[in-house]
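Me: Please walk me through this structure, one feature at a time. Give me the general idea, then the case.

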Amino acid sequence: MRNLVTELVAINELKSNPTNVNKHPDDQIETLAKIIQEFGFLVPVVVDKDKVIVLGHGRVMAAKKLGLLYVPVITADHLTPTQIKAFGIAENKISKRSFFDFELLAHEMDALLDQSYDLALTGFDEAEIMNLLKSTEAYLEAEETKVKEHTRRLNAKPESLPEEPKLPR
């Protein structure tokens, strides 16, 4: 197997693939931008030898929205143009064939919720989170209330910052 190198490439050097079969709605780009802000740009963009994007169009769009100047890139210059095309299609299709273990997913979401973590950063919207937690037998009404309270707290705008506790002298 060949050693692939990840390098930082100026975002304006990357070219969108005019035959990209995946479409990226605005809400997906917004979510990707939030995820990149939270975790960093951890999944490199894959490009061909001419810097045409093979995989990562959505992440590049999100990076542009964030004003990033550079993104991590892997150049697949060892593949033929036919292999590049097939690889782009295969990676996008195969990723859609996986599925969740919903009982385990609900447990993981609950653990994040217990840490007051913003569950929107998992890529699920509020309705999906609610349905997930409701559909798992272990999560009854108390969990639904917890999700609503968490969402309310995340959306609440504090009128002022809390005062720092005063330490005894």
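Me: What should I know about the model and its numbering?

Reply: This is a predicted model, where local features need pLDDT of at least 70, side-chain atom pairs count only at pLDDT 80 or more, and totals for chains, interfaces and linings use all residues. Residues are numbered from 1 along each chain as its sequence is written, and side-chain values use heavy atoms, with hydrogens and water left out.

Me: How many helices and strands does the protein have, and in what order do the elements run from the N terminus?

Reply: Elements are DSSP runs numbered from the N terminus: helices are H or I with at least four residues, strands are E with at least two. Here there are six helices and four strands. The order is β-α-β-β-α-β-α-α-α-α.

Me: What percentage of the residues count as buried?

Reply: Of 169 residues, 30% are buried. Accessible areas come from the Shrake-Rupley method with a 1.4 Å probe; for residues, only the protein chains shown count as cover. The accessible surface of the protein is about 12,500 Å², and carbon and sulfur atoms hold 55% of that.

Me: How do I read contacts against sequence separation?

Reply: A contact means heavy atoms within 4.5 Å. Take the contacts with a separation of 6 or more: 77% of them join residues 24 or more positions apart.

Me: Show me that around a single residue.

Reply: Take V46, in strand β2. V46 counts as buried because its relative accessibility is 12%. Leave out residues up to four places away in sequence, and V46 touches V52, I53, V54, L55, I74, A76 and F87. V46 and G88 are 42 residues apart in sequence, with their C-alpha atoms 9.1 Å apart in space.

Me: Which residues of helix α2 are buried, and what covers them?

Reply: Recall the helix rule: an α-helix has 3.6 residues a turn, so residues three or four places apart point the same way. In α2 (residues 57-66) the buried residues are H57, G58, V60, A62 and A63. Their cover includes α1, β2, β3 and β4. Just after α2 comes G67, with a positive phi of about 80 degrees.

Me: Where do residues other than glycine take a positive phi?

Reply: Look at two cases. K51 has phi near 65 degrees, and S116 has phi of about 60 degrees. K51 lies in the loop between β2 (45-47) and β3 (53-55). S116 lies in the loop between α4 (102-114) and α5. K51 is partly exposed at 29%, and S116 is partly exposed at 42%.

Me: How many salt bridges does the whole structure hold?

Reply: The criterion is a side-chain nitrogen of Lys or Arg within 4 Å of a carboxyl oxygen of Asp or Glu. A search finds three. One of them joins E13 to K51, with the closest N and O atoms 3.9 Å apart. E13 lies in the loop between β1 (6-10) and α1, and K51 in the loop between β2 and β3, so this pair ties together parts 38 residues apart in sequence. E13 is partly exposed, at 40%.

Me: How do I read surface patches?

Reply: Patch members have over 30% relative accessible area and no salt bridge; like charges are joined within 9 Å, and nonpolar side chains (Val, Leu, Ile, Met, Phe, Trp, Tyr) within 5 Å. For charge, Lys and Arg count as positive and Asp and Glu as negative, while His and the chain ends are not counted. A charge is placed at NZ of Lys, CZ of Arg, CG of Asp or CD of Glu.

Me: Which residues form the negative patch and the nonpolar patch?

Reply: The negative patch gathers D26, D27, D125, E126 and E128. Helices α1 (26-39) and α5 (126-135) each supply at least two of its residues. The nonpolar patch is formed by L8, L69 and Y70, with about 380 Å² of accessible area together. Y70 belongs to strand β4 (residues 70-75).

Notes:
Buried < 20%, exposed > 50% of the residue type's maximum accessible area, 1.4 Å probe, protein only.
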